[in-house]
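Please work through the exercises below with the sequence and the coordinates open beside you. Each task is followed by a solution that goes step by step.

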Number of protein chains: 2
Amino acid sequence: MLEVNSIKKGIVLDHITVENGLKIFNKLMLDKVDYPVVLLMNVPSKAMGKKDIIKIENNIDIDLDFLGLIDHNISVNIIEDGKVILKKKVSIPKRVKGIFPCHNPRCITNFDNYVKPSFELVSPSRLAYQCDFCEEITEYKI
Amino acid sequence: MLEVNSIKKGIVLDHITVENGLKIFNKLMLDKVDYPVVLLMNVPSKAMGKKDIIKIENNIDIDLDFLGLIDHNISVNIIEDGKVILKKKVSIPKRVKGIFPCHNPRCITNFDNYVKPSFELVSPSRLAYQCDFCEEITEYKI
């Protein structure tokens with residue numbers, strides 16, 4: 001089996017649903033960085049059958065709301081001195097701000113650069129969010 | 001450091017020039033497969049400073065001419081029972097067939113589906129190839 005040994009310091013995104021690994025890799029712009037990163041796809045998983053994993057040999061800020069929006073199965077492990085010092089589960093965010101635009105072309109957030117689009121979750125299954133400004137529903141798509 | 005342990009059976013593309021790893025990963029359509037694959041980027045290398053590596057837990061046909069065209073630094077390791085049974089260096093192919101189209105829009109290869117474009121290398125530094133049919137020069141870009 002393909003295994004990646006422990007990293008000394010950095011972040012491991014584990015339990016990524018298969019097919020989401022490369023999408024998340026690209027969304028986090030890990031193809032543009034100059035430190036070591038690893039993308040593992042379709043690796044065997046007891047809990048999930050198969051899963052994707054991303055390992056990042058660097059401490060970077062990762063927006064957990066953003067990850068939760070893309071894939072709420074992900075667990076985030078923060079590594080220091082080769083040990084997991086923090087384990088977090090992401091979840092579908094109840095509120096999001098500035099991650100995606102409002103679906104309504106006439107919404108003020110789409111033509112005023114000083115107003116960031118912000119939303120409240122109304123349907124977790126459809127990832128449907130209601131705009132704080134115009135109340136229109138936007139369904140988030142990866 | 002991020003390390004990936006040995007694979008049991010498959011292919012390792014080593015010594016990939018940094019920034020080419022993801023391009024090759026995508027060109028080989030490894031994002032679409034259902035067996036385990038790993039992309040390592042920016043890993044330390046004695047010879048190269050940094051390098052990318054691709055590990056494929058499956059025996060697939062890889063067109064070495066195609067790899068040589070993209071990155072002639074790559075070494076290909078074929079793995080069986082956890083051991084390297086074959087090591088190959090790729091090189092810029094002297095002749096290529098059916099990998100890229102002829103630059104000349106009037107070339108027969110661009111409107112007759114039964115004629116595969118084929119070329120002879122005329123400048124390795126520019127990756128310039130001369131068409132066997134119309135003699136126009138095409139410079140290959142990744």
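Predicted model: local features only at pLDDT ≥ 70, side-chain atom pairs only at ≥ 80, totals over all residues.

Residues are numbered from 1 along each chain as its sequence is written, chains are lettered from A and ligands numbered from 1 in the order in which they are written, and side-chain values use heavy atoms, with hydrogens and water left out.

**Exercise 1. Describe the secondary structure and the overall dimensions of chain A.**

Solution. Begin with the DSSP runs, where helices are H or I runs of at least four residues and strands are E runs of at least two, numbered from the N terminus. Chain A then has two helices and nine strands, and their order from the N terminus is β-α-β-β-α-β-β-β-β-β-β. Next, take the principal axes, along which the C-alpha atoms of chain A fill a box of roughly 50 × 30 × 25 Å. Finally, consider contacts, meaning heavy atoms within 4.5 Å: of those in chain A with a separation of 6 or more, 56% join residues 24 or more positions apart.

**Exercise 2. Characterise the annotated segment covering residues 95–141 of chain A.**

Solution. The unreviewed UniProt entry annotates these residues as "domain: Aspartate carbamoyltransferase regulatory subunit C-terminal"; positions are given in the numbering used here, feature names are shortened, and annotations may be inferred rather than shown by experiment. Over residues 95–141 of chain A, the chain is 0% helix and 34% strand, and the end C-alpha atoms are 16 Å apart.

**Exercise 3. Is A:Lys89 buried or exposed, and which residue's backbone oxygen does its side chain reach?**

Solution. First locate A:Lys89, which is in strand β5 (residues 83–89) of chain A. Then apply the accessibility classes, in which buried means under 20% relative accessible area, exposed over 50%, and partly exposed in between (1.4 Å probe, protein chains only). A:Lys89 counts as exposed because its relative accessibility is 56%. Once neighbours within four places in sequence are set aside, A:Lys89 is in contact with A:Asn73, A:Ile74 and A:Ser75, and its side chain reaches the backbone oxygen of A:Asn73 at 2.8 Å.

**Exercise 4. Is A:Asn77 buried or exposed, and which side chain does its own side chain contact?**

Solution. A:Asn77 is found in strand β4 (residues 75–80) of chain A, and it counts as buried because its relative accessibility is 6%. A polar contact is a pair of N or O atoms within 3.5 Å; within protein, one must be able to donate a hydrogen and the other to accept it, and residues adjacent in sequence count only if both atoms are side-chain atoms. The side chain of A:Asn77 makes such a contact with the side chain of A:Lys87 (3.1 Å). Beyond four places in sequence, the contacts of A:Asn77 include A:Gly10, A:Ile11, A:Val12 and A:Leu86.

**Exercise 5. Classify the accessibility of B:Glu19 and B:Leu127, and give the phi of each.**

Solution. B:Glu19, in the loop between β1 (10–16) and α1 (21–27) of chain B, has a positive phi of about 85 degrees although it is not a glycine, and B:Glu19 is exposed, with a relative accessible area of 59%. B:Leu127, in the loop between β7 (118–123) and β8 (128–131) of chain B, has a phi near 50 degrees, again positive in a residue other than glycine, but B:Leu127 is buried, with a relative accessible area of 15%.
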